[in-house]
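Please look over the sequence and the structure shown here before reading on.

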Amino acid sequence: MAGKQSIAFVANTSWSIYRFRLYLIERLLQEGYTVFVLAPRDPYTAKFEHLPGLTYIQLFHLHAKNISPYRNLQLYRELLGYYRELRPGLIFHYTIKANLFGSLAARRARIPAVSVITGLGYTFSVTGWLRLAVKLLYRRLLRTNAEIWFLNEDDRQIFIREKLAPREKTFLLPGEGVDTDEFFPAPYEEGKKEITFLFLGRLIGHKGIFEFVRAAELLRQKGLAVRCLLLGFFDDNDPLAIPRQQIEEWTNKGLVTYLGHTDRVAPFIEQADCIVLPSYRGEGMPLSLLEGASMCKALIAADTAGCRAIIEHGVNGFLCREKDGNDLAEKMSIYYHLPAGAKKQMGTAGRNRVLKHFTRDIIAGIYIDKIGTLVPHEY
(Lines give C-alpha, C1' and ligand atoms only; values in the text may rest on other atoms or scores of the structure.)
Protein backbone atom coordinates (compact mmCIF):
# COMPACT_ATOMS: atom_id res chain seq x y z
CA MET A 1 0.00 0.00 0.00
CA ALA A 2 1.26 3.47 -0.88
CA GLY A 3 1.57 6.24 1.65
CA LYS A 4 -0.02 9.67 1.60
CA GLN A 5 2.99 11.09 -0.24
CA SER A 6 2.15 9.27 -3.46
CA ILE A 7 0.82 10.87 -6.64
CA ALA A 8 -0.61 9.12 -9.70
CA PHE A 9 -0.56 10.42 -13.27
CA VAL A 10 -2.96 8.87 -15.78
CA ALA A 11 -2.67 9.60 -19.51
CA ASN A 12 -3.61 8.04 -22.83
CA THR A 13 0.02 7.74 -24.03
CA SER A 14 3.44 7.35 -22.46
CA TRP A 15 4.59 9.85 -25.08
CA SER A 16 2.53 12.62 -23.49
CA ILE A 17 4.02 11.84 -20.07
CA TYR A 18 7.52 12.05 -21.54
CA ARG A 19 6.87 15.12 -23.68
CA PHE A 20 4.89 17.28 -21.28
CA ARG A 21 5.28 16.06 -17.68
CA LEU A 22 8.51 14.16 -17.13
CA TYR A 23 10.22 17.24 -15.67
CA LEU A 24 7.35 17.58 -13.20
CA ILE A 25 7.56 13.93 -12.18
CA GLU A 26 11.31 14.24 -11.68
CA ARG A 27 10.72 17.32 -9.50
CA LEU A 28 8.17 15.43 -7.39
CA LEU A 29 10.60 12.54 -6.98
CA GLN A 30 13.24 15.00 -5.79
CA GLU A 31 10.74 16.38 -3.29
CA GLY A 32 10.31 12.90 -1.84
CA TYR A 33 7.03 11.87 -3.42
CA THR A 34 6.34 8.40 -4.74
CA VAL A 35 4.92 8.57 -8.26
CA PHE A 36 2.74 6.17 -10.20
CA VAL A 37 2.34 6.56 -13.97
CA LEU A 38 -0.58 4.72 -15.55
CA ALA A 39 -0.57 4.80 -19.35
CA PRO A 40 -0.47 2.50 -22.37
CA ARG A 41 2.99 1.30 -23.33
CA ASP A 42 4.63 2.91 -26.35
CA PRO A 43 8.24 3.59 -27.45
CA TYR A 44 8.55 6.39 -24.85
CA THR A 45 7.75 4.25 -21.83
CA ALA A 46 11.35 3.04 -21.56
CA LYS A 47 12.54 6.64 -21.19
CA PHE A 48 11.05 6.96 -17.69
CA GLU A 49 9.78 3.61 -16.35
CA HIS A 50 13.01 2.81 -14.46
CA LEU A 51 13.31 6.11 -12.58
CA PRO A 52 13.89 5.47 -8.85
CA GLY A 53 10.71 6.18 -6.94
CA LEU A 54 8.49 5.83 -10.00
CA THR A 55 6.24 2.87 -10.67
CA TYR A 56 4.96 2.47 -14.21
CA ILE A 57 1.72 0.55 -14.75
CA GLN A 58 0.66 -0.40 -18.24
CA LEU A 59 -2.95 0.29 -19.14
CA PHE A 60 -4.42 -2.17 -21.62
CA HIS A 61 -7.89 -0.67 -22.03
CA LEU A 62 -7.22 3.02 -22.61
CA HIS A 63 -7.86 3.34 -26.35
CA ALA A 64 -8.14 7.00 -27.24
CA LYS A 65 -10.06 6.56 -30.51
CA ASN A 66 -12.35 3.72 -29.46
CA ILE A 67 -15.84 4.76 -28.30
CA SER A 68 -17.18 1.30 -27.53
CA PRO A 69 -19.17 1.31 -24.24
CA TYR A 70 -17.79 -2.16 -23.48
CA ARG A 71 -14.19 -0.93 -23.88
CA ASN A 72 -14.96 2.06 -21.67
CA LEU A 73 -16.38 -0.25 -19.00
CA GLN A 74 -13.17 -2.29 -19.19
CA LEU A 75 -11.12 0.88 -18.73
CA TYR A 76 -13.18 1.93 -15.71
CA ARG A 77 -12.73 -1.47 -14.07
CA GLU A 78 -9.00 -1.49 -14.86
CA LEU A 79 -8.48 1.93 -13.28
CA LEU A 80 -10.67 1.15 -10.27
CA GLY A 81 -8.66 -1.99 -9.57
CA TYR A 82 -5.37 -0.11 -9.59
CA TYR A 83 -6.71 2.80 -7.54
CA ARG A 84 -7.94 0.45 -4.83
CA GLU A 85 -4.65 -1.41 -4.81
CA LEU A 86 -2.30 1.59 -4.91
CA ARG A 87 -4.29 4.10 -2.83
CA PRO A 88 -2.41 7.20 -4.08
CA GLY A 89 -2.93 10.42 -2.20
CA LEU A 90 -3.97 12.29 -5.34
CA ILE A 91 -4.61 11.36 -9.00
CA PHE A 92 -4.05 13.61 -12.01
CA HIS A 93 -6.04 12.65 -15.12
CA TYR A 94 -5.16 13.93 -18.60
CA THR A 95 -7.19 13.70 -21.84
CA ILE A 96 -10.85 12.94 -22.19
CA LYS A 97 -11.09 9.20 -21.42
CA ALA A 98 -8.87 9.40 -18.38
CA ASN A 99 -10.79 12.46 -17.20
CA LEU A 100 -14.16 10.76 -17.54
CA PHE A 101 -13.64 7.16 -16.50
CA GLY A 102 -10.72 7.92 -14.22
CA SER A 103 -12.85 10.44 -12.33
CA LEU A 104 -15.57 7.82 -11.93
CA ALA A 105 -13.07 5.24 -10.67
CA ALA A 106 -11.46 7.72 -8.28
CA ARG A 107 -14.84 8.61 -6.82
CA ARG A 108 -15.66 4.95 -6.30
CA ALA A 109 -12.26 4.37 -4.66
CA ARG A 110 -12.69 7.55 -2.56
CA ILE A 111 -9.44 9.10 -3.72
CA PRO A 112 -9.19 12.83 -4.58
CA ALA A 113 -8.54 13.51 -8.25
CA VAL A 114 -7.78 16.43 -10.55
CA SER A 115 -8.92 16.49 -14.16
CA VAL A 116 -6.61 18.50 -16.40
CA ILE A 117 -8.41 19.69 -19.55
CA THR A 118 -5.47 20.05 -21.93
CA GLY A 119 -7.74 21.25 -24.74
CA LEU A 120 -11.27 20.75 -25.99
CA GLY A 121 -10.08 18.56 -28.83
CA TYR A 122 -11.86 17.03 -31.78
CA THR A 123 -15.05 16.15 -29.88
CA PHE A 124 -15.96 19.78 -29.27
CA SER A 125 -15.34 20.75 -32.90
CA VAL A 126 -18.12 18.52 -34.28
CA THR A 127 -21.86 18.35 -33.77
CA GLY A 128 -24.00 15.33 -33.08
CA TRP A 129 -24.55 12.64 -30.50
CA LEU A 130 -20.87 12.17 -29.58
CA ARG A 131 -20.45 15.78 -28.49
CA LEU A 132 -23.70 15.68 -26.52
CA ALA A 133 -22.70 12.41 -24.83
CA VAL A 134 -19.28 13.76 -23.83
CA LYS A 135 -20.82 16.90 -22.38
CA LEU A 136 -23.32 14.87 -20.39
CA LEU A 137 -20.53 12.71 -18.98
CA TYR A 138 -18.41 15.74 -18.13
CA ARG A 139 -21.36 17.34 -16.35
CA ARG A 140 -22.00 14.25 -14.25
CA LEU A 141 -18.47 13.11 -13.49
CA LEU A 142 -16.26 16.19 -13.12
CA ARG A 143 -18.24 17.58 -10.20
CA THR A 144 -16.87 14.80 -7.98
CA ASN A 145 -13.25 15.85 -8.57
CA ALA A 146 -11.25 17.85 -6.08
CA GLU A 147 -10.51 20.33 -8.89
CA ILE A 148 -10.69 20.74 -12.67
CA TRP A 149 -7.75 22.49 -14.30
CA PHE A 150 -7.63 24.30 -17.64
CA LEU A 151 -4.72 25.57 -19.71
CA ASN A 152 -6.54 28.67 -20.97
CA GLU A 153 -9.32 30.91 -19.72
CA ASP A 154 -11.56 30.41 -22.78
CA ASP A 155 -11.89 26.68 -22.11
CA ARG A 156 -12.55 27.32 -18.42
CA GLN A 157 -15.36 29.73 -19.22
CA ILE A 158 -16.96 27.28 -21.68
CA PHE A 159 -17.08 24.57 -19.01
CA ILE A 160 -18.52 27.01 -16.47
CA ARG A 161 -21.07 28.50 -18.87
CA GLU A 162 -22.33 25.11 -20.04
CA LYS A 163 -22.33 23.78 -16.47
CA LEU A 164 -19.81 21.05 -17.29
CA ALA A 165 -17.74 21.93 -14.21
CA PRO A 166 -18.57 23.81 -10.99
CA ARG A 167 -16.94 27.25 -11.07
CA GLU A 168 -15.58 26.92 -7.55
CA LYS A 169 -13.61 23.80 -8.50
CA THR A 170 -11.95 25.25 -11.62
CA PHE A 171 -8.36 26.43 -11.77
CA LEU A 172 -6.23 27.98 -14.52
CA LEU A 173 -2.83 26.35 -15.07
CA PRO A 174 -0.59 28.41 -17.38
CA GLY A 175 0.51 25.66 -19.75
CA GLU A 176 2.67 22.57 -19.44
CA GLY A 177 5.96 24.37 -18.77
CA VAL A 178 8.89 25.32 -21.02
CA ASP A 179 12.51 24.32 -20.48
CA THR A 180 14.04 27.76 -21.01
CA ASP A 181 17.56 26.34 -20.73
CA GLU A 182 17.08 23.93 -23.63
CA PHE A 183 15.04 26.47 -25.58
CA PHE A 184 17.46 29.34 -25.20
CA PRO A 185 17.54 32.59 -27.23
CA ALA A 186 18.84 31.92 -30.72
CA PRO A 187 21.13 34.56 -32.25
CA TYR A 188 19.27 36.77 -34.70
CA GLU A 189 20.79 36.93 -38.16
CA GLU A 190 20.24 40.30 -39.81
CA GLY A 191 20.24 40.90 -43.53
CA LYS A 192 18.76 37.51 -44.43
CA LYS A 193 17.60 37.18 -48.01
CA GLU A 194 15.16 34.39 -47.20
CA ILE A 195 12.66 34.12 -44.33
CA THR A 196 11.91 30.69 -42.89
CA PHE A 197 8.47 29.83 -41.51
CA LEU A 198 8.27 26.61 -39.48
CA PHE A 199 5.10 24.62 -38.76
CA LEU A 200 5.66 22.37 -35.76
CA GLY A 201 3.02 19.81 -34.77
CA ARG A 202 1.17 16.64 -35.59
CA LEU A 203 0.33 16.28 -39.26
CA ILE A 204 -3.45 16.39 -38.93
CA GLY A 205 -5.94 18.66 -40.62
CA HIS A 206 -7.09 20.42 -37.45
CA LYS A 207 -3.58 21.79 -36.93
CA GLY A 208 -4.19 24.06 -39.93
CA ILE A 209 -1.75 22.42 -42.34
CA PHE A 210 -3.96 23.06 -45.38
CA GLU A 211 -4.05 26.76 -44.50
CA PHE A 212 -0.28 26.79 -44.03
CA VAL A 213 0.26 25.28 -47.47
CA ARG A 214 -2.23 27.70 -49.00
CA ALA A 215 -0.37 30.61 -47.42
CA ALA A 216 2.95 29.26 -48.71
CA GLU A 217 1.50 29.13 -52.21
CA LEU A 218 0.24 32.71 -52.02
CA LEU A 219 3.56 34.04 -50.73
CA ARG A 220 5.42 32.36 -53.57
CA GLN A 221 2.96 33.84 -56.07
CA LYS A 222 3.87 37.26 -54.67
CA GLY A 223 7.52 36.50 -55.32
CA LEU A 224 8.56 36.58 -51.67
CA ALA A 225 11.74 34.72 -50.73
CA VAL A 226 10.37 32.31 -48.13
CA ARG A 227 10.88 28.73 -46.97
CA CYS A 228 7.92 26.96 -45.44
CA LEU A 229 8.86 23.90 -43.39
CA LEU A 230 6.84 21.11 -41.79
CA LEU A 231 8.17 19.28 -38.74
CA GLY A 232 5.99 16.64 -37.10
CA PHE A 233 4.85 13.05 -37.10
CA PHE A 234 2.19 11.22 -39.06
CA ASP A 235 -0.62 10.13 -36.74
CA ASP A 236 -2.00 7.36 -38.93
CA ASN A 237 -4.58 6.41 -36.29
CA ASP A 238 -6.19 9.84 -36.35
CA PRO A 239 -9.16 10.25 -38.73
CA LEU A 240 -7.93 13.75 -39.53
CA ALA A 241 -4.38 12.66 -40.44
CA ILE A 242 -2.82 14.17 -43.56
CA PRO A 243 -1.95 11.36 -46.02
CA ARG A 244 1.75 10.91 -46.65
CA GLN A 245 1.05 11.12 -50.37
CA GLN A 246 -0.39 14.61 -49.88
CA ILE A 247 2.76 15.82 -48.11
CA GLU A 248 4.86 14.38 -50.94
CA GLU A 249 2.70 16.18 -53.50
CA TRP A 250 3.15 19.52 -51.76
CA THR A 251 6.88 18.91 -51.47
CA ASN A 252 7.19 18.04 -55.16
CA LYS A 253 5.43 21.29 -56.04
CA GLY A 254 7.97 23.21 -53.96
CA LEU A 255 5.36 24.63 -51.62
CA VAL A 256 6.71 23.14 -48.40
CA THR A 257 9.61 20.99 -47.21
CA TYR A 258 8.90 18.10 -44.85
CA LEU A 259 11.65 17.68 -42.25
CA GLY A 260 10.41 14.46 -40.65
CA HIS A 261 9.89 13.91 -36.94
CA THR A 262 12.24 14.34 -34.00
CA ASP A 263 12.16 14.61 -30.21
CA ARG A 264 14.82 17.33 -30.38
CA VAL A 265 13.03 20.26 -31.97
CA ALA A 266 15.26 23.07 -30.65
CA PRO A 267 17.82 22.89 -33.51
CA PHE A 268 15.01 23.24 -36.06
CA ILE A 269 13.42 26.15 -34.20
CA GLU A 270 16.84 27.81 -34.07
CA GLN A 271 17.09 27.78 -37.87
CA ALA A 272 13.61 29.30 -38.32
CA ASP A 273 12.59 32.95 -38.21
CA CYS A 274 8.95 32.50 -37.28
CA ILE A 275 6.85 29.64 -35.86
CA VAL A 276 3.43 29.15 -37.46
CA LEU A 277 0.50 27.21 -36.01
CA PRO A 278 -2.88 27.98 -37.64
CA SER A 279 -4.57 25.33 -35.49
CA TYR A 280 -8.34 25.12 -35.22
CA ARG A 281 -10.32 25.32 -31.98
CA GLY A 282 -9.23 22.69 -29.49
CA GLU A 283 -5.70 23.65 -28.42
CA GLY A 284 -5.12 23.97 -24.70
CA MET A 285 -1.75 25.74 -24.65
CA PRO A 286 0.45 24.81 -27.65
CA LEU A 287 3.91 23.93 -26.35
CA SER A 288 5.41 24.42 -29.82
CA LEU A 289 4.53 28.12 -29.68
CA LEU A 290 5.93 28.48 -26.17
CA GLU A 291 9.16 26.76 -27.17
CA GLY A 292 9.47 28.98 -30.22
CA ALA A 293 8.88 32.11 -28.14
CA SER A 294 11.45 30.91 -25.61
CA MET A 295 14.02 30.87 -28.42
CA CYS A 296 13.12 34.45 -29.41
CA LYS A 297 11.12 33.50 -32.47
CA ALA A 298 8.09 35.46 -33.59
CA LEU A 299 4.80 33.54 -33.65
CA ILE A 300 1.85 33.43 -36.04
CA ALA A 301 -1.20 31.40 -35.06
CA ALA A 302 -4.95 31.24 -35.43
CA ASP A 303 -6.97 33.46 -33.13
CA THR A 304 -8.14 30.55 -30.97
CA ALA A 305 -8.20 30.00 -27.22
CA GLY A 306 -4.80 28.46 -26.50
CA CYS A 307 -2.95 30.48 -29.10
CA ARG A 308 -4.19 33.91 -28.07
CA ALA A 309 -3.20 33.14 -24.50
CA ILE A 310 0.40 33.10 -25.74
CA ILE A 311 0.44 35.70 -28.53
CA GLU A 312 -0.05 39.39 -27.91
CA HIS A 313 -0.98 40.54 -31.39
CA GLY A 314 1.62 42.84 -32.88
CA VAL A 315 3.96 42.43 -29.89
CA ASN A 316 5.41 38.92 -30.01
CA GLY A 317 3.58 37.76 -33.12
CA PHE A 318 0.33 37.89 -35.05
CA LEU A 319 -3.06 36.22 -34.82
CA CYS A 320 -4.89 35.26 -38.00
CA ARG A 321 -8.46 34.22 -38.66
CA GLU A 322 -9.19 30.54 -38.06
CA LYS A 323 -9.40 28.32 -41.18
CA ASP A 324 -8.35 31.21 -43.42
CA GLY A 325 -5.23 30.57 -45.49
CA ASN A 326 -5.50 33.97 -47.17
CA ASP A 327 -5.43 35.83 -43.85
CA LEU A 328 -2.57 33.63 -42.66
CA ALA A 329 -0.64 34.57 -45.79
CA GLU A 330 -1.33 38.24 -45.06
CA LYS A 331 0.07 37.95 -41.52
CA MET A 332 3.12 36.06 -42.78
CA SER A 333 3.64 38.77 -45.40
CA ILE A 334 3.44 41.48 -42.72
CA TYR A 335 6.12 39.69 -40.71
CA TYR A 336 8.23 39.21 -43.86
CA HIS A 337 8.28 42.96 -44.54
CA LEU A 338 9.07 44.05 -40.97
CA PRO A 339 12.45 45.76 -40.51
CA ALA A 340 15.12 43.55 -38.93
CA GLY A 341 14.95 45.47 -35.67
CA ALA A 342 11.20 44.94 -35.37
CA LYS A 343 11.60 41.21 -36.02
CA LYS A 344 14.23 40.97 -33.32
CA GLN A 345 12.08 42.96 -30.89
CA MET A 346 9.18 40.55 -31.43
CA GLY A 347 11.39 37.62 -30.53
CA THR A 348 12.64 39.31 -27.39
CA ALA A 349 9.08 40.10 -26.30
CA GLY A 350 8.14 36.45 -26.71
CA ARG A 351 11.07 35.25 -24.60
CA ASN A 352 10.19 37.72 -21.85
CA ARG A 353 6.57 36.55 -21.87
CA VAL A 354 7.66 32.94 -21.43
CA LEU A 355 10.02 33.80 -18.57
CA LYS A 356 7.23 35.65 -16.79
CA HIS A 357 4.43 33.12 -17.14
CA PHE A 358 5.33 29.75 -18.65
CA THR A 359 8.58 28.26 -17.34
CA ARG A 360 8.85 24.75 -15.95
CA ASP A 361 9.81 26.12 -12.54
CA ILE A 362 6.61 28.15 -12.43
CA ILE A 363 4.40 25.20 -13.44
CA ALA A 364 6.12 22.72 -11.12
CA GLY A 365 5.77 25.17 -8.25
CA ILE A 366 2.04 25.45 -8.90
CA TYR A 367 1.67 21.66 -8.89
CA ILE A 368 3.59 21.28 -5.65
CA ASP A 369 1.62 24.02 -3.91
CA LYS A 370 -1.65 22.52 -5.09
CA ILE A 371 -0.67 19.00 -4.07
CA GLY A 372 0.06 20.32 -0.60
CA THR A 373 -3.51 21.59 -0.28
CA LEU A 374 -5.32 18.71 -2.04
CA VAL A 375 -3.63 15.61 -0.61
CA PRO A 376 -5.49 14.61 2.57
CA HIS A 377 -3.37 14.36 5.70
CA GLU A 378 -4.93 11.03 6.58
CA TYR A 379 -6.97 8.55 4.60
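Predicted model: local features only at pLDDT ≥ 70, side-chain atom pairs only at ≥ 80, totals over all residues.

Residues are numbered from 1 along each chain as its sequence is written, and side-chain values use heavy atoms, with hydrogens and water left out.

In soluble globular proteins, nonpolar side chains tend to be buried together. A nonpolar core here is a set of buried Ala, Val, Leu, Ile, Met, Phe, Trp, Tyr and Cys residues joined through side-chain atoms within 4.5 Å. Buried means under 20% relative accessible area, exposed means over 50%, and partly exposed is in between (1.4 Å probe, protein chains only). The largest nonpolar core has 94 residues, of which F9, F92, F197 and F212 touch the most other members. Helix α1 (residues 14–30) gives the most to this core, with eight residues; helices are DSSP runs of H or I with at least four residues, numbered from the N terminus. Apart from neighbours within four places in sequence, the contacts of F212 (heavy atoms within 4.5 Å) include F197, F199, V256, L328 and M332. A second, separate core holds 34 residues, among them A98, F101, A105 and I111.

Two packed helices are described by the angle between their axes and the distance between the axes. Helix α9 (residues 287–294) and helix α12 (residues 340–357) have axes that come within 7 Å and cross at roughly 115°. These axes are lines fitted to C-alpha atoms over the stretch in contact, and the angles run from 0 to 180 degrees between N-to-C directions. On the α9 side, L290, A293 and S294 meet G347, G350, R351 and V354 of α12. This contact has three nonpolar, three polar and one charged residues. In that count Ala, Val, Leu, Ile, Met, Phe, Trp, Tyr, Cys and Pro are nonpolar, Asp, Glu, Lys and Arg are charged, and the others, Gly among them, are polar.

Side chains of opposite charge can pair when their charged atoms come close. The whole structure has 18 salt bridges, each a side-chain nitrogen of Lys or Arg within 4 Å of a carboxyl oxygen of Asp or Glu. In one of them, D327 and K331 meet at 2.8 Å, N to O. These two residues are separated by about one helical turn because they are four residues apart in helix α11 (residues 325–337). Both D327 and K331 are buried. Salt bridges with shared partners join R321, D324, D327 and K331 into one network.

Other pairs have partly exposed members. R308 and D303 have their closest N and O atoms 3.0 Å apart in a salt bridge; the relative accessible area is 34% for R308 and 38% for D303. E31 pairs with R27 at 3.4 Å, and here E31 is partly exposed at 44%, as is R27 at 26%.

How many disulfides are there? The count is zero, a disulfide being a pair of cysteine sulfur atoms within 2.5 Å. For C307, the closest cysteine sulfur is that of C320, 8.6 Å away, which is too far for a bond. C307 is buried at 0% relative accessibility, and C320 is buried at 2%.

Finally, back to helix α11, where I334 lies. I334 is partly exposed, with a relative accessible area of 34%.
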